[in-house]
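I opened the notebook to record what I looked up in this model. The sequence and structure are shown first.

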Amino acid sequence: MDAETGKVSVSSDRPPVNSQGLTAAPLSPCAAFQQVVEDYLIRHRSILDVLSKCQESTARVNRAVAKAVTTCGCIRIEAEAQHYPVDADLMEMRRHMSTHLSGQLCDHCRDMVDAELGRALFYLTALCNLLDLQLEEVIRAETRRITTLGVFNLT
Ligand SMILES: [Zn+2]
């Protein structure tokens, strides 16, 4: 972080240089994001702040989607009980399951949801940092779990 401007310089076009002046491998997008979060998380470094900010930020994602429905109207929710054949297997069931969504996010609502998702990712990543977890490894492990257990994992 620049001490005068308080800004963190993240340059993806120039690989980082280590203390011996040797060029290190460029950071992956997840590792680069994790580093930015580490650099920028200054005020709310307590685990209590990070945990509560995680919860607050996901609530704000919900709120942004709700506002797209109730204020803008670019998307609509038309929910009812899911109807599917009783003898359907899980793969066939997918074809019968509705999202209950219709319409598409307008540019404004997309920007709002996008920003709130980014903020939620910021605090999830901050939680990874405080607990010394690598975001990329969390994603890899979950991908392995999902693909290993298949569709039965998330029923
Ligand atoms: Zn909208």
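My entries follow, from the whole chain to single residues.

**Basis.** I am working with a predicted model, in which local features need pLDDT of at least 70 and side-chain atom pairs count only at pLDDT 80 or more, while totals for chains, interfaces and linings use all residues. Residues are numbered from 1 along each chain as its sequence is written.

**Whole chain.** I found five helices and two strands in the chain. Here helices (H or I, at least four residues) and strands (E, at least two) are DSSP runs, numbered from the N terminus. I noted their order from the N terminus as α-α-β-α-β-α-α. Of the 155 residues, 8% count as buried, that is, with 20 or more other C-beta atoms within 10 Å of their own; exposed means 12 or fewer, partly exposed in between, with C-beta atoms placed from the backbone.

**Helix H2.** I looked up residues 47-72, which form H2, a helix of 26 residues. Its first and last C-alpha atoms lie 36 Å apart, close to the 38 Å expected at 1.5 Å a residue; the expected span is 1.5 Å times one less than the number of residues. I recorded a bend of about 30° at Ala66, taken as the angle between axes fitted to the seven residues ending there and the seven starting there. Val50, Lys53, Ala64 and Ala68 are buried in H2. Just after the helix, Gly73 has a positive phi of about 90°.

**Ala79.** I located Ala79 in the loop between E1 and helix H3 (90-96). Is Ala79 buried or exposed? Ala79 is exposed, because 9 other C-beta atoms lie within 10 Å. Ala79 and Thr99 are 20 residues apart in sequence and 8.2 Å apart in space, C-alpha to C-alpha.
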